[in-house]
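Please keep the structure open while you read.

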Amino acid sequence: MRPINLIYFLLPFLAGAQKENHVQMDKGLFVCYGKTNPELVKGYDLVILEAAHYNAKEVSIFKEKNHKVVAYISLTEVNEAALFYEDIKPYTLGKNGIWNSWFIDVSSKPAQQIILKNIDLLKQKGFDGLFLDNIDNVSNWGMLKSYKKHLVNFIKQIKSKELFLVQNSGLFLGKELNKITDAVLVESVITNYNFRNQQYAFRDKDGKNQLYKTIKKVKHQTKKPIYILEYADSIIMKNKVSKELSKHGFPFFITQINLQSLPQFN
């Protein structure tokens, strides 16, 4: 899941497009980074939101109707639209041109303090915790691979704020984060969106099976809840993905790639 582009989509709260059954998957996971009506999101185990869209009252409505409600935050990249971009820009290490974001020097104490200050604001809004994105940047194939230890230590510091932490992927940090994060989300186990061609597609069988194997290993070792997020653009694709995921027993959510609105399938 990439850094959020904070172009706010004001979804119409009218009958039809946002009927409640449009957001009912298996009730395990709900993800939306656009502005949506808190009254429509009910009974989910985990809800992931972009905090900038909501005030404390709206967050409280989400919390009343769902189990855990967490705010998105990118730990290793900052988008130019982020509220604290200008403050943290001096502590970045280069640009990710694909996503119009900048890599953060997570070893920098000033950079950490800026992020922690933002986390405090999220906590004040009433969020139960955080969804930690872009952890994979410190993997062996990531742009910040030499910052792995720094990121793990920083996440430990975040955990001291007594927040429910959901890591996005980062399965290679299973041992390091075992006692720190509380849940894991994995994207695109079955689907594999092609960003270059902007086309929805399915992952090849070998890649899919390897992901399943890794996920089940992490589940066995950590005993943490594991959620799956998939992307589809048609009802046929959505139903196929839903049918397969249901066999494996992981809570899941299927939506469109921009994550800016409630899922709608034709």
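1. Start with Leu75. This is a predicted model. Setting aside neighbours within four places in sequence, Leu75 is in contact with Ile104, Val106, Ile115, Leu132, Asp133, Leu151, Phe154, Ile155 and Ile158. Find Leu75 first, then pick out these partners one by one.

2. Now place Leu75 in its surroundings. The largest nonpolar core has 67 residues. Leu75 is among the members that touch the most others, together with Leu29, Phe30, Ile48, Leu130 and Ile155. Which helix gives the most to this core? Helix 3, residues 109-124, does, with six residues. In soluble globular proteins, nonpolar side chains tend to be buried together.

3. Three strands form it, in the order 4-6-5. The sheet is open, and the pairing is antiparallel.

4. Zoom in on one pair. Strand 5 and strand 6 (residues 101-104) run antiparallel and are joined by three bridges. Take Thr92 as an example: its bridge partner in strand 6 is Ile104. Ile104 is also on the list of contacts of Leu75.

5. Move on to a helix pair. Two packed helices are described by the angle between their axes and the distance between the axes. For helix 5 and helix 6 (residues 235-248), the angle is about 35 degrees and the axes are 13 Å apart. Their crossing is right-handed. Helix 5 brings Lys208, Tyr212 and Lys216 to the contact, while helix 6 brings Glu244, Leu245 and His248. By class, this contact has two nonpolar, one polar and three charged residues.

6. Finally, check the backbone at two loop residues. Most residues other than glycine have a negative phi. Glu162 has a positive phi, near 60 degrees. Glu162 sits in the loop between helix 4 (148-159) and strand 8 (164-168). Lys223 also has a positive phi, near 65 degrees. Its loop runs between helix 5 (205-222) and strand 10 (226-231). Are these residues buried or exposed? Glu162 is exposed, with a relative accessible area of 70%. Lys223 is exposed too, at 58%.

Terms used
Residues are numbered from 1 along each chain as its sequence is written. This is a predicted model: local features need pLDDT of at least 70, side-chain atom pairs count only at pLDDT 80 or more; totals for chains, interfaces and linings use all residues. Side-chain values use heavy atoms; hydrogens and water are left out. Two strands pair if DSSP finds at least two bridges between them. Helices (H or I, at least four residues) and strands (E, at least two) are DSSP runs, numbered from the N terminus. Buried means under 20% relative accessible area, exposed over 50%, partly exposed in between (1.4 Å probe, protein chains only). A nonpolar core is a set of buried Ala, Val, Leu, Ile, Met, Phe, Trp, Tyr and Cys residues joined through side-chain atoms within 4.5 Å. Contact means heavy atoms within 4.5 Å. Axes are lines fitted to C-alpha atoms, for helices over the stretch in contact, and angles run from 0 to 180 degrees between N-to-C directions. A crossing is left-handed if the near helix is turned anticlockwise from the far one by less than a right angle, and right-handed if clockwise. Ala, Val, Leu, Ile, Met, Phe, Trp, Tyr, Cys and Pro count as nonpolar, Asp, Glu, Lys and Arg as charged, and the others, Gly among them, as polar.
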